[in-house]
Amino acid sequence: MEIPFDEYSARVQKHLESVYGIRVLTRDIPDPLTGDLDGAEIDIDYAVTPEQRLFLLGHLFGHTVQWNVDAGTFEIGRQYRPPVDEELIPAIVAYEREAACYGLAMFHQVGITNIDQWFCDYTACDQAYLLHFYRTGEKRDFHCFWQSNSALIEPKAIPAFTPKKRAMRMDGIVI
C-alpha cells in the first residue's frame with residue numbers, strides 16, 4: 001500500500017491547529033534532532049522526509065497530550081545522558097508507548113485508519129533506536145532498527161486539555 005504522506009501530514013497539521021489549538025511550525029531544528037515541542041507548539045525540521053513528518057506529527061502530538069494532562073511526564077521528556085540507569089528504562093518505554101497511543105488515536109480522529117501497522121513499525125523502530133542510544137551512547141542509523149509487523153498498539157482516548165507552553169526541549173529525548 002502506498003501511503004500519501006504529504007496529504008496525510010497536511011490533514012493532521014490542519015486538525016492539530018484547528019481542533020487542538022496546537023501550532024505546527026516547520027523550521028531548522030539543530031542536528032541531531034528532527035522535531036521539538038513545548039506543550040503548545042510542535043516544530044519539525046524542514047529537511048525531514050514526508051514519512052518522517054507524518055510520524056513526528058503523531059509522535060509529538062502524543063507527547064503534547066502527555067505534557068498537558070500529567071505534569072510529571074514533562075520530567076520524563078528531559079535529556080538523559082547515556083548510559084541511562086536501567087531502572088529508568090521502563091518509565092521511558094511507557095512514556096513513549098503512551099505517546100504513540102495518543103498519536104494513533106489522533107490519526108483515527110482525522111479518518112486516517114489505514115496506517116496503523118506503519119505507525120506501529122515506525123514507533124517500534126524509534127523506541128529501539130532510543131533505547132540503544134540510552135544504553136550505549138551510540139547513534140546508529142535509524143533504519144537498522146526497523147522491523148516490519150511490530151506488535152500493534154491500541155489508540156488511547158485523548159483527554160480534554162488546553163495546550164500550555166512550557167519550554168522547547170531542544171535537549172529532550174527526540175533524537
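Let me start with a salt bridge: the side chains of Glu86 and Arg135 meet at 2.7 Å, N to O. Keep in mind that this is a predicted model. The pair ties together distant parts of the chain, 49 residues apart, with Glu86 in the loop between helix H3 (71-76) and helix H4 (89-109) and Arg135 in helix H5. Glu86 is partly exposed, at 44% relative accessibility, and Arg135 is partly exposed as well, at 41%.

The count of salt bridges comes to five, and I will show two others. Glu98 pairs with Lys156, and their closest N and O atoms are 2.5 Å apart. This pair also links distant parts of the chain: Glu98 sits in helix H4 and Lys156 in the segment after H5, 58 residues apart. Glu98 counts as partly exposed at 24% relative accessibility, and Lys156 counts as partly exposed at 35%.

The other one is in helix H1. Arg11 and Glu7 form a salt bridge through their side chains, 3.5 Å from N to O. The two residues are four apart in H1, which means that about one helical turn separates them. Arg11 has 31% relative accessibility and is therefore partly exposed; Glu7, with a relative accessible area of 44%, is partly exposed too.

While we are in H1, look at His15. This residue lies in the helix, which covers residues 5-19. Is His15 buried or exposed? At 14% relative accessibility, His15 is under the 20% cut-off, so it counts as buried. Leaving aside neighbours within four places in sequence, its contacts are Tyr20, Met106, Gln109 and Val110. Take Met106: it is 91 residues from His15 along the chain, and the C-alpha atoms of the two are separated by 8.8 Å.

Now the sheet. It is an open sheet of three strands in the order E1-E3-E2, with mixed pairing. Strand E1 (23-27) and strand E2 (35-37) are at the edges; each has a single partner strand, so one side of each has no neighbour in the sheet. On average, neighbouring strands are turned by 20° against each other, direction ignored. E1 runs parallel to strand E3 (residues 41-45), and five bridges join the two. Arg27 stands opposite Asp45 in E3.

Helix H2 lies across E1, E2 and E3, running at about 150° to E3. H2 also packs with helix H5 (residues 116-136), and here the angle is about 80° with the axes 11 Å apart. How are H2 and H5 oriented to each other? They are roughly perpendicular, because an angle of 65 to 115 degrees counts as such. On the H2 side, the contact is made by Glu51, Gln52, Leu54, Phe55, Gly58 and His59. On the H5 side, the residues are Trp118, Phe119, Tyr122, Thr123 and Asp126. Sorted by class, this contact has five nonpolar, four polar and two charged residues.

One of those residues is my last stop. His59 is in helix H2, which spans residues 50-69. His59 is buried, with a relative accessible area of 5%. Apart from neighbours within four places in sequence, which residues is His59 in contact with? They are Glu96, Ala99, Phe119 and Asp126. Phe119 and Asp126 are among the H5 residues in the contact with H2.

How values were computed: Residues numbered from 1 in each chain as written. Predicted model: local features only at pLDDT ≥ 70, side-chain atom pairs only at ≥ 80, totals over all residues. Heavy atoms only, no water. Buried < 20%, exposed > 50% of the residue type's maximum accessible area, 1.4 Å probe, protein only. Contact = heavy atoms within 4.5 Å. Axes fitted to C-alpha atoms, helices over the stretch in contact; angles between N-to-C directions. Parallel < 35°, antiparallel > 145°, perpendicular 65-115°, else oblique. Nonpolar A, V, L, I, M, F, W, Y, C, P; charged D, E, K, R; others polar. Pairing = 2+ DSSP bridges. Salt bridge = Lys/Arg side-chain N within 4 Å of Asp/Glu carboxyl O.
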